[in-house]
Amino acid sequence: MIAQIDDAALATALRNCDLPVVNVGNCEMLAEYPYVGNDVQATANQAFEHFYALGFRHVAYLGAKNCPTSRELGERFAACARRMDVDCCTFQAEVAQANAPFATVIGVLRGFPRPSGVLADSAQSGRRLRGWG
């Protein structure tokens with residue numbers, strides 16, 4: 001089984017199955033299985049450089065508080081912004097939380113100057129921002 005294991009329920013289910021498992025993606029939730037991650041610094045650099053090249057001078061990061069890789073990506077993305085004197089707002093939410101915190105994030109983002117760029121740590125986080133634009 002090759003899967004992005006980013007929540008406790010999936011981690012528990014995979015522990016209880018009799019299959020070989022490889023975890024891919026953003027979170028190292030199953031330390032007992034091989035993990036294939038990404039280069040967090042390169043991801044942060046490329047995302048920031050893309051936004052900067054598009055003229056965005058206000059950026060934000062939306063990530064998962066309980067995922068070490070997500071927290072690190074947010075920190076590195078914010079550091080890229082600081083180096084270039086670009087405003088950056090970082091939001092960290094619990095992965096298991098419902099959409100309530102995202103309503104707050106969307107409210108904050110609506111007050112951002114335009115154009116603004118937002119880096120989300122996952123497709124799931126990005127989908128929750130649909131009400132922003």
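Mentor: Gladly. The protein has five helices and six strands, and from the N terminus on its elements run β-α-β-β-α-β-α-β-α-β-α. Helices (H or I, at least four residues) and strands (E, at least two) are DSSP runs, numbered from the N terminus. This is a predicted model, where local features need pLDDT of at least 70, side-chain atom pairs count only at pLDDT 80 or more, and totals for chains, interfaces and linings use all residues. Residues are numbered from 1 along each chain as its sequence is written, and side-chain values use heavy atoms, with hydrogens and water left out.

Trainee: Why are α2 and α3 called oblique to each other?

Mentor: Helix α2 (residues 40–53) and helix α3 (residues 68–83) pack at an angle of about 45 degrees, with their axes 9 Å apart. Angles under 35 degrees count as roughly parallel, over 145 as roughly antiparallel, 65 to 115 as roughly perpendicular and the rest as oblique. The pair is therefore oblique. Their crossing is right-handed, that is, the near helix is turned clockwise from the far one by less than a right angle.

Trainee: Which residues of α2 meet α3?

Mentor: In α2 they are V40, Q41, T43, A44, N45, A47, F48 and F51, and their partners in α3 include L73, F77 and C80. Contact here means heavy atoms within 4.5 Å. The residues of this contact divide into nine nonpolar, four polar and three charged. Ala, Val, Leu, Ile, Met, Phe, Trp, Tyr, Cys and Pro count as nonpolar, Asp, Glu, Lys and Arg as charged, and the others, Gly among them, as polar.

Trainee: What makes F56 buried?

Mentor: F56 has a relative accessible area of 15%, and buried means under 20%, exposed over 50%, partly exposed in between (1.4 Å probe, protein chains only). F56 is therefore buried. F56 lies in the loop between α2 and β4 (58–64). Leaving aside residues up to four places away in sequence, F56 touches F51, V86, P115, S116 and G117. The C-alpha atoms of F56 and V86 are separated by 8.3 Å, although these residues are 30 apart along the chain.

Trainee: How much of the protein is buried?

Mentor: Buried residues make up 38% of its 133 residues.

Definitions and conventions
Axes fitted to C-alpha atoms, helices over the stretch in contact; angles between N-to-C directions.
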